[in-house]
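Me: I would like to learn how to read a protein model step by step. Could we begin with its surface and then work inwards?

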Amino acid sequence: MKVASVLIPLPVSEAFDYEVPEGLDLMRGDQVAVPLGPRLMRGVVSEVRETTGSNRRLKPIDHALDEPRLPERTVDFVEWAARWTLSPPGEMAAAALKGLRAPRPRPERRVRLVGERAPVRPTAARTAVLDTLGERAMSGAELARAAGVSSGVVKGLLDEGVLEVIVVEAVAAFDPPRPDHAPAALNPDQAAAADAIAAATQAGGFAPFLLDGVTGSGKTEAYLEAAARTLQADPTAQILILLPEIALTQALIARITARFGAAPAEWHSGIAPPRRRQVWEAVAAGRCNIVVGARSALFLPYVDLRLLVVDEEHDGSFKQEEGLVYHGRDLAVARARIEGATVVLASATPSLETLWNARSGRYGWLKLDARHGAARLPDIALLDLRTCPPDPQTWLSQPLREAIGETFARGEQTLLFLNRRGYAPVVLCRACGHRMTAPDTDSWLVEHRYTGRLVCHLTGFTMARPRLCPACGVADTLVSVGPGVERVEEEVRQLFPEARTAVFSSDTVPDGKSARALIQRMAEGGIDILVATQAAAKGHNFPLLTLVGVVDADLGLRGGDLRAAERTFQLLTQATGRAGRADRPGRAILQTWTPEHPVLLALAAGDRDAFVAAEMAEREAASLPPFGRLAALILSGENAVAVEKLARDLAGSIPNAERLEVYGPADAPLGLVRGRRRKRLLVRADRDVDLQGFLRAWLARVKVPGSVRLSVDVDPYSFL
Ligand code: ADP
């Protein structure tokens, strides 16, 4: 009898076995429908084997699905990723099938010429339609638009029988990228980097690189050239470029389209499901060469993946923390290893993990030193707020105000950076000191003036700003404390009423379309002063921007978790790197109460090496990443007693292990979220310890009750 192991999307750690019915020929990667209780579920075959005389009665597979087979290495990757992150393998497999959830797009109606028939009355409009159409078939609306006529003209030709309607299957066609379409003339550093990457993709085999260069040094240009050469050598090669934010995809897609004369496929949660299905099928059939996407694009069924690029590799957004918990950058490296492909991690401020891998020789290290062309890095000045504090209830100090004024007078742009959404981060009662929080969550409510509401950024809870303090009941005592971007913009409008200002945050640009519009307006000089959160700090190119003001450079340094200093350094480097990208010199002013802080001193000196050396030394002394490894267990549930008990059970059943410590259980910093109590345990291990093996052995010793959720976070980024 033949038995197949099938990965089904359930929170279990194993594949399920089913009998393969006589006559059904199955292979690893095939998609099948299998019975589970009363239902049929979609699953992926992970293994098929012969068994003799098993006394277990297995249910048979119901039928094979008429869907493409997942490539062998995609299944390898899914299984590896599940083991690495301690996630259910069936749920990882489901991530690889996400593109198939939507029905196929409906067949399209197109019009085409009927033989050689000419119109009875050949008006100019009719001739334009026929000339535009030629031998092709296209949609009537598109044809009318392309010919510059009204749709009535097309309809008239249809009625007359000159044109006819045909129905065609909607298959996404991706024009093959043309490597020679519009190459850039690379500078010597860029050429050396592109050579090294292209040589690796052509040689084949796993080859990881760090592409390390300041913002604007031309990293994108260098990896696009490497991609072109990869395609030149092998026109079937597939290339995946991962970006941390959906907002960055449009600019890159435009660049790729200009470079290769063909648009790449786009993949992220903002893409409509029918389109996603088309991309999925095109990737699986090898009909699509270049994919630009967010981290979930890692799970597409590539058949010939030769090159992966993780742009802005240091960015914390690559870490997915909801649902499947994984780090997109780390899985990209794993996918490259499994595919025998080249992976390029690009950044101006690489993560300490990646720098450590580059230093120790595990990754090739490609450096671009200068900015391309005339662009220079901005001068960075620390502004000591102790000597020139802003006036009460304002946030911009006198020197920064003057700098904004000068920049505006020259017709250049200013970016004011503050990584805080809304109007004020805290609302409290002047009478009793009560801080407004969401009713079932330990996080403060943030005031949003544009909408007039108080919002919990963690859970999305919102309420109108009350007139009475909910704690003491006194009226009109609530005050807004501290600035958010909306409040800084209010100040800017008062100071420079004639300037065109805008706010860039996830509240003012909630979707890709509005983000694109605002970025374009800024790039074209339609905004004088942009107040922005980190959403605008990354990757964009604003030629007229010459001043970056960081409103609160100390913000990220407070509170402190493992990567607080690193993140602050990266974010502020990115933010200040926005200035002076074209031929106008830029400058950056950082307002701070602690100008002696090593992170800020290193920033002001433009000395990344000094920062990295100091931070590495601290991590090494504490054996923290990249010198050791971490994993977190987070327990949560509405029943505090059950959460408490599981925490105690876990603490009481820690397997013996050397060079490894368990900290906790402790209340999580956010001890209450959406009414659920939360507790955390943290594991630290030396690098050579089998951390996943330890976690598996540990979790096997406890029984998790249905009322408590236990989530494992290998290499945690959030310590809340
Ligand atoms: P990075 O990715 O390192 O931030 P980019 O590749 O985006 O840098 O380059 C910054 C700017 O310089 C872009 O406008 C890009 O078009 C331009 N540029 C980079 N390299 C070249 C080159 N070799 N020739 C012409 N323009 C270039």
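Reply: Accessible areas are found by the Shrake-Rupley method with a 1.4 Å probe. In this structure, which is a predicted model, the accessible surface of the protein comes to about 31500 Å², and carbon and sulfur atoms hold 52% of that surface.

Me: What share of the 720 residues in the protein is buried?

Reply: A residue counts as buried when its relative accessible area is under 20%. Here buried residues make up 53% of the 720 residues.

Me: How many residues are in the largest nonpolar core, and which have the most contacts inside it?

Reply: A nonpolar core joins buried residues such as Ala, Val and Leu through side-chain atoms within 4.5 Å. The largest one in this protein has 90 residues, and those with the most contacts inside it include Leu 240, Leu 298, Leu 308 and Phe 504. Leaving aside residues up to four places away in sequence, Leu 308 touches Leu 240 and Leu 298, and also, among others, Ala 332, Arg 335 and Val 344.

Me: What radius of gyration does the protein have, and what would a compact globule have?

Reply: With 720 residues, a compact globule would have a radius of gyration near 27 Å, and the protein's value of 29 Å agrees with this. Its C-alpha atoms fill a box of roughly 80 × 80 × 60 Å along the principal axes.

Me: How many helices and strands does the protein have?

Reply: The protein has 19 helices and 31 strands.

Technical notes: Residues numbered from 1 in each chain as written. Predicted model: local features only at pLDDT ≥ 70, side-chain atom pairs only at ≥ 80, totals over all residues. Heavy atoms only, no water. Buried < 20%, exposed > 50% of the residue type's maximum accessible area, 1.4 Å probe, protein only. Contact = heavy atoms within 4.5 Å. Helix = DSSP H or I, 4+ residues; strand = E, 2+ residues; numbered from the N terminus. Rg over C-alpha atoms; globule rule 2.2 N^0.38 Å.
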